[in-house]
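Here are some notes for a colleague who is about to look through this model, arranged as numbered points that can be checked one after another against the coordinates.

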Amino acid sequence: MRLLLADPVYSLVTLLGLGVGLGVFLLLVGFARYCWQYNTHVPDAEHVHVIKQRANLEPGTPWYDQAPVLLREAASNLPGVVSTTGFVNWFPLTAQVDGQVSKLRNLTTLPGFAEMLGLRAINGDLADALSRPDSLALTESAARRLFGTTDVLGRTVTLKAVEPGPGAARVAAILPDPPANTTIPFEALHGPKLSLVPQWMATEAITGEMSFPGTLFIRVRPDASIPAITEALQNAVDRAPATQRLPAAAKDRLGGRKIVDIKLAPLRDAYFDREIAINPFSLKVDRGNPAVLAGLLAIASLILALATLNYVNLATIRVARREREIAMRKVLGVKRQRLVLQFAAESLLVAMLATAIGLLLAYLLLPVFAQLMNRDLSSLLTPGNIAAAVAIGIVLGLLTALYPAWIAFGVRPSQVLAGRAHTESVLSKRLRQTLSVLQIAAAMGLASFTLGIYLQARFAMNASPGFDPSSLLAFEINEGVMMGESEVSRALITALSQEPAIAGVATAADAVGRSRYPLSAEVKQEGGPSVIMDNKLVSANFFEQYGIRPVAGRLFDSQTDWKSEGDPVVINALAARALGFASPQQAVGQTLLFRSSRFGTGPQGLVTKRVVGIAPEIRFHSLREVPRATAYEVFTSGVTVTVRASGSVADAERAVRTVWPQYYPNSVLELSPVKDIYAANYADDARLARLLALGTIIAMIIAAFGIYVLAADTVQRLTAAIAMRKLFGARRLDIGKLVARKIGGTVLLSAAIGLPIAALALVRYFAPYTERTPLGYWTLVFALIVTLAVAALAAARHAWLAMMLRPIVALRV
Amino acid sequence: MIKLVRTTKKFVGGEVVTTALNDISLEIAAGEYIAVTGPSGCGKSTLLSILGMLDSPDAGEYWFEGQDVAGWNEAKLNELRRGRVGFIFQNFNLIEELSVRENVELALEYSDVPARERRERVAQMLDHLGIGHRARHRPSQLSGGQQQRVAIARALVNRPAVLLADEPTGNLDSAHGEEVMRILQQINEAGTTIVMVTHSPAHAARAARTVGLIDGRIAGTAEAVAA
């Protein structure tokens, strides 16, 4: 402690460098642990599997973590299966308390749900809550949100559904909140018998006769054969009445593929399951990317390594400064063990203080970090994690003592006490310089990569979607799940259209940039090749309201193309080319054969359509996906409503918010600018860029510490040379240039190592994008400039000291 | 050429004030060879640093080639010193990271001598001192005598008017020390003024004049007998 206090600048640099590195390491590793522990709250989660399905009737349909609910019963009798359960999410509810309507994240549970998830009521009777028609269970936070207290057993919640009408339920149980790292989040649970649930839905949830999809879990014995269970479930689906009812022609078109593919996925891996797509029945669950997590762990390790190397570097320089003390101790007969103990104790003290700083930093940064990661990380700093941090600090302290102690062993008293200082070996000096170079290279590479991701995310967010989104707002009706025109929705749209702040209203099945209803169709000319294309369902005035103009022919006209799924079709230029037309103009007026499961699975599924025009490219998909052939059809029952502002967007928003409750008093309006919907595709990239930016800043700070130390060391080593140069007439500027050359050389060497690696990383990152920011590789130059600037700042003090060095020093060395 | 008039230099360390030079007056003519002797701490090195314009006196005058430089700032002193004063030291002060040739060239690096001429002059000087074959070596690869010859080459390569030598034989054995003394003698004979600090009476006797210092004062001067 005395040593630390004796040199406060050194101590501050040491402690802050190591503390900041440890703090960031703790946060990132804590986050990785959080991700790996998804669903561990489920008892014996390793043996619980989710049943996934992929329907093959629609070409290109993705996998969903849902399967026909009839499989629950079918699975329960299979060998190796311990139990089965699940939930359905067909019935979104809103809760009304004191006139305030809010969404309730409710699940309709199937038998065995509470047992499978190990749910225990804090208060009340959970079995009662899930079986009675007038009861439900609330989590503590939902109870607090709705009533302001958790003491709500027996109280009544006014519930409203999209249909059929308002009802009420008694709170029969209070549950602890599910952990944040779960793929089964909920606020309220109830059984299918809840009085609000329509009878047919309740029956379907239990029997699955209509093959509706639900989320199903099966618990298996450790020795169970997953392939055998999967095969049995596949057979059950193949034999299901809904499957059997399919016409032979539809089955023939599958070309030997199953109508529905079934597979099992471990519940523990659900968080990282990237192949799962979302549909209106999906829970809003975050999914993680294992590659990104591995990258974050690599950054965490890199930052800790940088901080540690920086500390070792500093400690080694400290040994060099303490040569005389060490030499005197050796002369006085200090034993090796004593010397090791002394260094270990000093290093441990520094590591423990740095750990405390790191933990404090982690605690302070946690809210910002949680926001950056878009996760509830409030439980990150558990006693276990803090104990692990202290253990890491101790290990780090002992490890970092080794090298300085080894250098101390090498101090030769005869040399040092004779005034011939700097007994550090050439190898040791080179090693330290290499460490500095690596530090700076890592910071520079990271900075370049981060900036590349940031610029690409910005580029993608601001890339033209094919129309001007600035005056467009979008929202969903019927909770986004109930496709179909209703009097209420028609009345709402009419009312909105009459608002002066609103220039027009269009509807579509899906918003641009979102794919909750991924429909596709098989399209061909008579005698031409079949083309699988995206099938977008839009209202007749969609193109008009979005301000989209045709490439050829015309787009839909609300006066003539009013009939849903009528004869006219609009395709894009890609579709025209794929269908064999030499130019978009040639496709206009042509008749196409259209096959989509929406029109039925039998012969009636094949309809003829007439191409009325060619639409320009509209970005329904992210820039990571190649633009696809697309066919637009008129559809009047879309759940996504787009409003075009006649003037101020804020006025249009106010108008929607005023009109909405008059037609949907039981629903919560979720209104957002259209731009935000497709920009959400890049939210993960933007978050990653922000996180990497944090990492880069930390790495830069640590590198700056490293450069500061390097500059100090350089100037110290060059003192005699600088004095001699001054003696022979060097000006201050000459000395400044000399130091700048030394530090600049180190930075350029670091650039030679760090920037090619960053360039490779950028190449890999940009690869999936179909369009890239033109500034992508300029980030390498920018990172170099930034690093040079940081180096200049970090080295400024010692460069100045060197410039001010008086040549008389030469006579005293 | 050089004249000190009632020059004083003090060093303050906390509450302790040390008078390194106390009211010294000394005149050195161009081409002279002077030895400065005295016990440790008598002010020899301080005298040398003032003569070399590395430090300024606190009081008195210092005339160098007709200009009173006492009170000049570092930049002006630097300008005057460049090419006019050469230095050699007891511990050679060669830069280990540079080769022998680069060490010598260092003295010309901040002058206006073109690069080509610099290289020629360095090569000539190294050859003159018999170490041309060691031009590419690092200082640590040379013997002590060779290192001091490199230091002398560096001091002379810009053809200074005055050569200041601080214990030039202090780190050398007698044979190498004698060799250095012979070289200094030749340099002086070629017209360069030399001021040499030494503890060795024998080496001091090689100078034309000896100045004895005790406690920062000149204890007396002895006219040397020209050999």
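Helices (H or I, at least four residues) and strands (E, at least two) are taken here as DSSP runs and are numbered from the N terminus. The model is a predicted one.

1. The loop between β6 (85-89) and α3 (100-109) of chain B holds N93(B), a residue other than glycine whose phi is positive, near 55 degrees. Most residues other than glycine have a negative phi, which makes this a place to look at with care. N93(B) has a relative accessible area of 8% and is therefore buried, the cut-off for that word being under 20%.

2. D44(A) sits in the loop that runs between α2 and β1 (48-55) of chain A. With a relative accessible area of 40%, D44(A) is partly exposed, whereas N93(B) is buried.

3. In chain B, an open sheet is formed by four strands in the order β2-β1-β4-β5, with antiparallel pairing. Because β2 (16-28) and β5 (67-68) of chain B each have a single partner strand, they stand at the edges, and one side of each is left without a neighbour in the sheet. Helix α1 (residues 44-51) of chain B packs on this sheet, where it touches β1 (2-13), β2 and β4 of chain B, and its direction makes about 120 degrees with that of β1(B).

4. How do helix α2 (residues 8-36) and helix α23 (residues 683-727) of chain A cross, and at roughly what angle? Their axes come within 10 Å and cross at roughly 155 degrees, so that α2(A) and α23(A) are roughly antiparallel to each other, and the crossing is left-handed. On the side of α2(A) the contact is made by V9(A), V13(A), L16(A), G17(A), V20(A), G21(A), V24(A) and L28(A), and on the side of α23(A) by L691(A), I698(A), I702(A), F705(A) and Y708(A). Eleven of the residues in this contact are nonpolar, two are polar and none is charged.

5. Helix α23 of chain A also packs with helix α11 (residues 290-321) of chain A, at an angle of about 15 degrees and with the axes 10 Å apart. The two helices are therefore roughly parallel, and α11(A) passes α23(A) in a left-handed crossing. From α11(A) the contact includes V292(A), L296(A), I299(A), N310(A) and R321(A), and from α23(A) it includes L688(A), L691(A), I698(A), I702(A), F705(A) and D713(A). The residues of this contact divide into 16 nonpolar, four polar and two charged. L691(A), I698(A), I702(A) and F705(A) of α23(A) take part in the contact with α2(A) and also in the contact with α11(A).

6. Strand β21 (residues 606-615) of chain A pairs with strand β18 (residues 552-553) of chain A in the antiparallel sense over two bridges, and G553(A) has G613(A) as its bridge partner in β21(A). With strand β19 (residues 568-572) of chain A, β21(A) pairs in the parallel sense over five bridges, among them the one that links P568(A) to R610(A). Strand β20 (residues 591-595) of chain A pairs with β21(A) in the antiparallel sense, again over five bridges, and here the partner of R595(A) in β21(A) is L606(A).

7. V612(A) lies in strand β21 of chain A and, at 4% relative accessibility, counts as buried. Not counting residues up to four places away in sequence, V612(A) touches G553(A), R554(A), F556(A), P568(A), V569(A), V570(A) and V588(A). One of these, F556(A), is 56 residues from V612(A) in sequence and 7.9 Å from it in space, C-alpha to C-alpha.

8. Leaving aside neighbours within four places in sequence, its contacts are F87(A), V88(A), F91(A), H190(A), G191(A) and P192(A).

Conventions:
Residues are numbered from 1 along each chain as its sequence is written. Chains are lettered from A and ligands numbered from 1 in the order in which they are written. This is a predicted model: local features need pLDDT of at least 70, side-chain atom pairs count only at pLDDT 80 or more; totals for chains, interfaces and linings use all residues. Side-chain values use heavy atoms; hydrogens and water are left out. Two strands pair if DSSP finds at least two bridges between them. Contact means heavy atoms within 4.5 Å. Axes are lines fitted to C-alpha atoms, for helices over the stretch in contact, and angles run from 0 to 180 degrees between N-to-C directions. Angles under 35 degrees count as roughly parallel, over 145 as roughly antiparallel, 65 to 115 as roughly perpendicular and the rest as oblique. A crossing is left-handed if the near helix is turned anticlockwise from the far one by less than a right angle, and right-handed if clockwise. Ala, Val, Leu, Ile, Met, Phe, Trp, Tyr, Cys and Pro count as nonpolar, Asp, Glu, Lys and Arg as charged, and the others, Gly among them, as polar. Buried means under 20% relative accessible area, exposed over 50%, partly exposed in between (1.4 Å probe, protein chains only).
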